[in-house]
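Subject: Structure handover

Hello,

The structure is pasted below, with notes on what was found in it after that. Please keep it open while you read.

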Amino acid sequence: MHHTPLIATISAGLVLAFALGLLAHRLRVQPLVGYLLAGVMVGPFTPGFVADQALAVELAEIGVILLMFGVGLHFSLKDLASVARIAIPGAVGQIVTATLLGGALAVALGWDLPAALVFGLALSVASTVVLVRALQARRLLETERGRIAVGWLIVEDLAMIIALVMLPSIAAAMAGGSASTGQMLLTLAITLGKVAAFVAVMLVVGRRIIPWVMHYAAHTGSRELFRLAVYATALGIAFGAYKLFDASFALGAFFAGMVLGETKLSQRATEEAMPLRDAFAVLFFVSVGMLFNPAVLIERPLEVLATVLIIMLGKSVAAYLIVRAFGHPAGTALTVSASLAQIGEFSFILVGLGVALGMLPAEGRDLVLAGAIMSILLNPVVFSLIERRRAHIAPNPPAEKREAAGVAPAHGVITPAQEPVALAPPAVLPPVEEAGPVLSTLSDHNVIIGYGRVGSRVGGQFAASGEAFLVIEEREEALLAARHDGAEVIIGNAADPEVLGLANLAAARRLFVTIPEAFEAGQVVQQARAMNPALEILARAHSEECLRHLEELGATLTILGEREIAQRMIERAFPTQMAQPPLHAPP
């Protein structure tokens, strides 16, 4: 009765992604494996229902926009400038290396130089969605290595914008057409000028208009209008950047988020953008799966293997060597190289344009898509292995120098508590290797998971009372604050049992779980209770469901913010009725 390709694509994509993602989770595999398989199932190369491929790609682009908008909210111009010295030459060097490797494979397959150029460029650029999600999953986005990876990604984005604009002229020149060197240089200058104009508009005009609009929406008191303002800002500026300045959607959204991130509403904007962002990010993986023809794995296995090796080994080795050459520690180099060991959305656009211009054979597109699927599937595994390896490669100075400068240690490495010190920037000390993670020697101590707004207040009280406490965190600023308060510090994700085990919970007195993520908090509580059945565990909750979940997993006391606020109000209103039990007590 109705022709509804949009509804059919979204419904089939999300339903299958949920079912297969849940199955992957039960099998202890990354959920994105399920999302990719969902795309293969609704794609044109498998029997049954076929979703609209063009619509799926556009929906995926919305996910990229919202994702980069969220990244921009946590970034500042200062952060971007701080990593420019490594991000710009690093990204350019890695693009050149990967393009040469991919071009060499193309020539070995008998393709001409235009095909080699397009194929090599397609293998050189990482996926925005995969990179950012990997960093977010490990809470690395706001660390120095996370900022380097994102800065690197922005430079790659700019390079691909230039490549997309220049490819038609290059195709004409290589085919003996009318395009001259002067015309190509003029095209390049116009493209760079447009991107520079967009950045200038955002930094000069956007800094005034965007905060004003967001504050006005916030002051209406309508959450619906504020949420709409967030989406309108992200999507509107991304589309305007693409339409008016020939920039990419991702670049436009990133700068919109970066400008908004300088206001006090950035945290609230992040919370509002997350649900829609995650849903469309799933559709990105579904759209990638739809492009994949499984037959290429059987028909051209050696070519696929060579393509995957260039993406995951060639690019990673080049990135690692470049980062190390610029004096950064081995741990940072490993994280950056793992982040870039995959390809994604820009690769699909490049090969699509290459095929349309007659520069690349259809076989090249199939190999790029196969390489993308395989690298996306394997990237979480590589990331986990490298992060484990990084725990044994401490990118920090010797302990005595590090303590003198207040520099945080490597992932999983404990730094002893000390008196508050003046904090110096980590760059003042050269990176060296040190021993791997060791178990804390503290006993009868307090352990705090997360050192944000809640955890730092708890830690401040322990610091004032002189009680020993240990903090598990990943964010640099929070780690330095904990060290400054005299805490013993472990860098890492407390949901990882290896990291949590370093806190010596068997000898601890109390555990404070102050992180807002309900699932991670539940994992910490469950593992901590198994390590020490007698441990007193105090946890933070954001909803009744979260409260019950944490109590079922073993929390001694779970505190819900809304209940505590209500209790204080009741105490003020009914001072004579204080004999009743507090609202947060278990029934």
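**Strand pairing**

Ile449 stands opposite Val513, which belongs to strand S5. The model is a predicted one, in which local features need pLDDT of at least 70, side-chain atom pairs count only at pLDDT 80 or more, and totals for chains, interfaces and linings use all residues. Residues are numbered from 1 along each chain as its sequence is written, and side-chain values use heavy atoms, with hydrogens and water left out.

Strand S2 (residues 446–449) runs parallel to strand S5 (residues 510–513), and the two pair over 4 bridges. Pairing here requires that DSSP finds at least two bridges between two strands. Helices (H or I, at least four residues) and strands (E, at least two) are DSSP runs, numbered from the N terminus.

S5 also pairs with strand S6 (residues 536–541), again in the parallel sense and over 4 bridges. Leu511 has Ile537 in S6 as its bridge partner. To get from S5 to S6 the chain passes through helix H22 (residues 518–531), in a β-α-β crossover that is right-handed. Right-handed means that, with the strands pointing away from the viewer, the path from the first strand over the helix to the second runs clockwise.

**Salt bridges**

A salt bridge is counted where a side-chain nitrogen of Lys or Arg is within 4 Å of a carboxyl oxygen of Asp or Glu. By this rule there are 8 salt bridges.

One of them joins the side chains of Glu467 and Arg509, at 3.3 Å from N to O. Glu467 is in the loop between helix H19 (453–465) and strand S3 (469–473), and Arg509 is in the loop between helix H21 (497–501) and S5, so the pair ties together parts that are 42 residues apart in sequence. Glu467 is partly exposed, at a relative accessible area of 31%, and Arg509 is partly exposed with 31%. Under this scheme buried means under 20% relative accessible area, exposed over 50%, and partly exposed in between (1.4 Å probe, protein chains only).

A salt bridge also connects Arg510 and Glu536, with 3.6 Å from N to O. Arg510 is in strand S5 and Glu536 in strand S6, so this pair links distant parts of the chain, 26 residues apart. Arg510 has a relative accessible area of 22% and is partly exposed; Glu536, at 34%, is partly exposed too.

Arg563 forms a salt bridge with Glu544, and their closest N and O atoms are 2.9 Å apart. This pair links distant parts of the chain, with Arg563 in helix H24 (residues 561–573) and Glu544 in helix H23 (residues 544–552), 19 residues apart. Arg563 is partly exposed at 23% relative accessible area, and Glu544 is partly exposed at 32%.

Arg300, Glu303 and Glu363 are linked in a network of salt bridges.

Val201, Val204, Val205, Ile209, Trp212, Val213 and Tyr216 form a nonpolar surface patch with about 680 Å² of accessible area together. Such a patch joins nonpolar side chains (Val, Leu, Ile, Met, Phe, Trp, Tyr) within 5 Å, from residues with over 30% relative accessible area and no salt bridge. Areas come from the Shrake-Rupley method with a 1.4 Å probe. Val213 lies in helix H9 (residues 181–219) and is partly exposed at 32%.

His484 is in helix H20 (residues 476–484) and is partly exposed, with 32% relative accessibility.

Regards

Conventions:
Patches are made of residues with over 30% relative accessible area and no salt bridge: like charges are joined within 9 Å, nonpolar side chains (Val, Leu, Ile, Met, Phe, Trp, Tyr) within 5 Å.
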